[in-house]
Amino acid sequence: MSAANEALTRSDGGKLSVIGYDSKLPEFFPLWAKANGVDLLSEDGREAHLDDPGAIEALEWAVSIYDAQGGFGAVKAYRDSADFFGEGNQFATDVLGAMPMEQWYINVLNDVSPDATVVFDTVKDLQGEPIAYASGQAWAIPAGAANPEAACRWARVMTSVDSWEAAANARLELRTQDDKPFTGLLTGNAEADAAIREMVTPGGEPWDTAVAATYEANDHTFSLPASPADAEFENAMQDAVNDVLSGEAEPADALAQAQKVAQKALDDAWAEMEER
Amino acid sequence: MSRGETRAAFLFLSPWLIGFAVFTAWPLIYSAYLSLTDYDVINSPTFVGFDNYAELFADPKVALALSNTLFFTAVQVPLYIAVSLALALLLARAGRASGFFRTVFFLPKMTPPVAVGILFLLLFNGQSGLINTGLGWVGVDGPSWTTDPAWVKPGLIIMSLWTIGSSVLILLAALRGVPEELYEAARLDGAGSWRQFLNVTLPMISPAVFFIVVVNTIAGLQTFDEAYTAFFGAGNTTYGNDAALFYVIYLFQQAFQYLNMGYASAMAWVLFAVIMVITAIQAIVSRRLVHYEGGTSR
């Protein structure tokens with residue numbers, strides 16, 4: 001990927017004119033760490049592994065992608081100037097080589113620049129296996145809620161296969177009206193995912209490959225386990241990556257500091273939760 | 001005053017009194033109480049004494065946010081006054097065109113702060129922003145205003161001049177209130193333009209300058225909208241530049257991102273104390289520097 005980055009990057013008069021590869025830091029740091037064999041948070045959500053040598057190595061690599069293009073500042077400034085959701089998006093205007101991205105962006109590109117030359121594939125780990133980072137929201141019913149049974153019923157109905165299928169049908173109808181392909185929905189419910197996949201409509205290339213890659217990636221996802229200090233953990237992690245990106249810290253030092261902050265937040269939050 | 005008149009007075013005052021009690025006094029009292037508790041919005045507040053304050057003084061991010069905020073205020077306020085005064089002096093000599101330029105200078109003030117934050121990202125983009133394009137025309141390679149930590153605050157300070165219109169109008173009104181006889185007397189004494197400005201204009205408009213200093217210092221210490229939009233809002237939800245972490249932004253994150261309402265309330269009271277101390281110092285210093293035509297201010 002580093003070699004591809006160097007081959008794709010272009011400069012014009014000392015200024016970046018084509019971003020070769022965008023490693024999408026800080027949000028995709030968990031992906032690069034996992035691809036390097038590191039879970040940043042233990043499965044039980046209690047132990048941070050931010051200072052793991054594999055995590056440090058992953059961060060060093062992801063930052064080196066920016067350094068090879070003149071630094072994160074130059075890449076981000078150029079990235080921010082792109083019309084991300086419009087006809088002049090970075091792929092349509094040939095100012096970005098490649099980047100990892102969530103699956104919904106396929107629909108954006110299909111809508112605004114259907115004729116742009118793009119190819120889609122899954123991200124691969126060091127063993128060449130597809131890997132994808134999944135995140136999302138969940139509902140929780142607070143202890144002491146006035147009507148927890150109703151809240152539970154509501155959450156179950158909203159996440160049932162029937163509800164997801166109804167949502168997919170509504171989406172399919174809209175896409176058909178617009179003469180656009182229905183690229184599927186990822187729901188967090190395996191049964192619903194399988195049923196909705198059957199509803200996908202062909203859109204020709206590269207969109208069919210994009211949808212196939214999305215579902216392939218969906219079969220190889222991981223996510224950061226839930227914890228009562230989720231926001232604090234994520235913030236410590238992102239602060240560390242941001243400090244490295246802005247040149248204020250080295251990866252090892254930044255992640256060592258983040259480990260301390262994140263572990264304290266986890267310990268405090270779990271202790272408080274257990275006390276309650 | 002008769003009892004009826006007193007009753008009528010209270011009746012007319014009651015909308016304000018009710019508004020003050022509900023929207024100012026009660027939130028103040030409740031926030032003071034919350035600052036002594038651990039409160040996450042979902043569970044009931046638990047009394048923790050002064051733990052939040054102790055934690056706050058040991059939190060390196062509070063120190064960082066406070067130093068960022070003090071730096072911003074210390075540079076922004078004098079610059080804001082200097083530019084406002086320069087524009088007001090120009091407007092005072094603008095003759096008939098003054099009305100047009102007054103409107104032009106005030107218009108940006110009408111821009112919502114969130115839009116100013118977005119505008120900042122567009123104007124100051126290190127690669128394609130108008131500011132660096134302009135600097136390029138005169139052979140200057142502009143910095144990465146939005147991504148280089150060393151240039152983030154200077155960029156925000158310059159951008160804050162966008163809303164300079166109201167201060168320009170206040171100073172223009174003050175300038176127009178300076179009696180012409182004073183200038184005539186100064187000229188008879190042989191004072192040149194600079195002397196007249198230093199010894200006549202500045203003392204005569206010093207109450208207006210003092211007002212702007214106090215108001216802008218408080219606004220600077222509470223700065224939030226533009227920096228939050230540019231560096232922590234939509235489109236930048238993950239890349240938050242520490243150089244733009246102002247005190248109220250960190251307070252907001254603690255309250256509404258981490259739901260640490262007790263901690264955020266303690267932060268709010270510390271900020272209140274900081275503002276109070278700084279304003280008191282300004283008031284003391286003003287006794288020597290501000291000239292009131294009717295005598296000392298009360």
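**View 1. Helix α11 of chain A and its buried residues.** In this predicted model, helix α11 of chain A covers residues 251-275 and has 25 residues. From first C-alpha to last, α11(A) reaches 35 Å, close to the 36 Å expected at 1.5 Å a residue; the expected span is 1.5 Å times one less than the number of residues. Helices (H or I, at least four residues) and strands (E, at least two) are DSSP runs, numbered from the N terminus. Among the buried residues of α11(A) are Ala254(A), Leu255(A), Ala258(A), Val261(A), Ala262(A) and Ala265(A). A residue is buried if 20 or more other C-beta atoms, placed from the backbone, lie within 10 Å of its own. An α-helix has 3.6 residues a turn, so residues three or four places apart point the same way. The cover over the buried residues of α11(A) includes α3 (53-67) and α10 of chain A; residues are in contact if their C-beta atoms, placed from the backbone, lie within 7 Å.

Residues are numbered from 1 along each chain as its sequence is written, and chains are lettered from A and ligands numbered from 1 in the order in which they are written. Local features need pLDDT of at least 70 and side-chain atom pairs count only at pLDDT 80 or more, while totals for chains, interfaces and linings use all residues.

**View 2. The two domains of chain A.** Domain 1 of chain A takes in 2-136 + 223-275, and domain 2 takes in 148-219; the bounds come from an automatic or database domain assignment. Their centres, taken over C-alpha atoms, are separated by 26 Å. In the contact, 13 residues of domain 1 of chain A meet 15 residues of domain 2 of chain A. On the domain 1 side, α5 (105-112) and β5 (130-133) of chain A each give two or more residues. The largest share, four residues, comes from α5(A). That side divides into six nonpolar, five polar and two charged residues. Ala, Val, Leu, Ile, Met, Phe, Trp, Tyr, Cys and Pro count as nonpolar, Asp, Glu, Lys and Arg as charged, and the others, Gly among them, as polar.

**View 3. The contact of chain A with chain B.** This contact takes 21 residues from chain A and 19 residues from chain B. On the chain A side, β2 (15-21), α4 (72-80) and α10 (230-245) each supply at least two residues. The most come from α4(A), with seven residues. By class, the chain A side has eight nonpolar, five polar and eight charged residues.

Note on methods:
Two residues are in contact if their C-beta atoms, placed from the backbone, lie within 7 Å. A residue is buried if 20 or more other C-beta atoms lie within 10 Å of its own, exposed if 12 or fewer, and partly exposed in between; C-beta atoms are placed from the backbone.
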